[in-house]
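We will go from stop to stop.

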Amino acid sequence: MRRAIVLASLTALALPTAASAKEVAALTVCGTDGCQKITAHAALQGFMDGGYETLGPDRAAPFFTVKVAMREAGDHAGGWTVQYLRAANVIRADADYGKQVWTRPAGVTAQALRKAARGLQPYPAEKLGPVRAPPPVAVEDPPARVSRPASGGGSSHVALAGGGATAAIALLAGALVARRRRHPPG
């Protein structure tokens, strides 16, 4: 029995695994006058692996769109579009809740994007829209506290002082009882 389990395990390990993971099939860099496709495996893998997240630029700049085509098991599996600012070497992608994520492509991917954008006319900066999230809306200060306690079981300074006085009297009485036990009268 043990031999059969070991043999089955080795057979399973020897079988090729199916390539079912999604991967980037192509990046298409587009400007106002055309597009260039990137299909180099190293550049596509680098794009999928990310680069690193960074802050967006201070102001809009001319940009290119990058259409990302995905595939799974050899079939088309959708895609999305991001904006690439060549001068700043950053990519802007939309994230959840209307947020934007800025990343800096690294290595082979950055080189491939620059090369593909070379010779293309970028879109004007005005079409990029805002590059920084607007500052949060100022909230007014909360109203001042009411000077008297609310009715219905809240404590007051008088009650706290009374409780403190009661505790002091109980301690003093306890001390007197303890003293009498040590020194009986008379």
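Select Ala-43. Is Ala-43 buried or exposed? Ala-43 is buried, because its relative accessible area is 1%. Buried means under 20% relative accessible area, exposed over 50%, and partly exposed in between, with a 1.4 Å probe and protein chains only. This is a predicted model: local features need pLDDT of at least 70, side-chain atom pairs count only at pLDDT 80 or more, and totals for chains, interfaces and linings use all residues. Residues are numbered from 1 along each chain as its sequence is written, and side-chain values use heavy atoms, leaving out hydrogens and water.

Ala-43 sits in helix H2 (residues 41-49). Helices (H or I, at least four residues) and strands (E, at least two) are DSSP runs, numbered from the N terminus.

Ala-43 touches Ile-38, Val-108, Thr-109 and Ala-112, leaving aside residues up to four places away in sequence. Contact means heavy atoms within 4.5 Å.

Next, select Thr-28 in strand S1 (residues 22-31). Thr-28 counts as buried because its relative accessibility is 16%. Beyond residues up to four places away in sequence, its contacts include Cys-35, Thr-65 and Val-66.

Color strand S4 (residues 64-72). S1 and S4 pair antiparallel over eight bridges. Two strands pair if DSSP finds at least two bridges between them. Find Glu-23: it stands opposite Arg-71 in S4.

Finish at strand S5 (residues 75-85). Eight bridges join S4 to S5, and they run antiparallel. Glu-72 has Asp-75 in S5 as its bridge partner. In this hairpin, two residues lie between the strands, and Ala-73 takes a positive phi near 55°.
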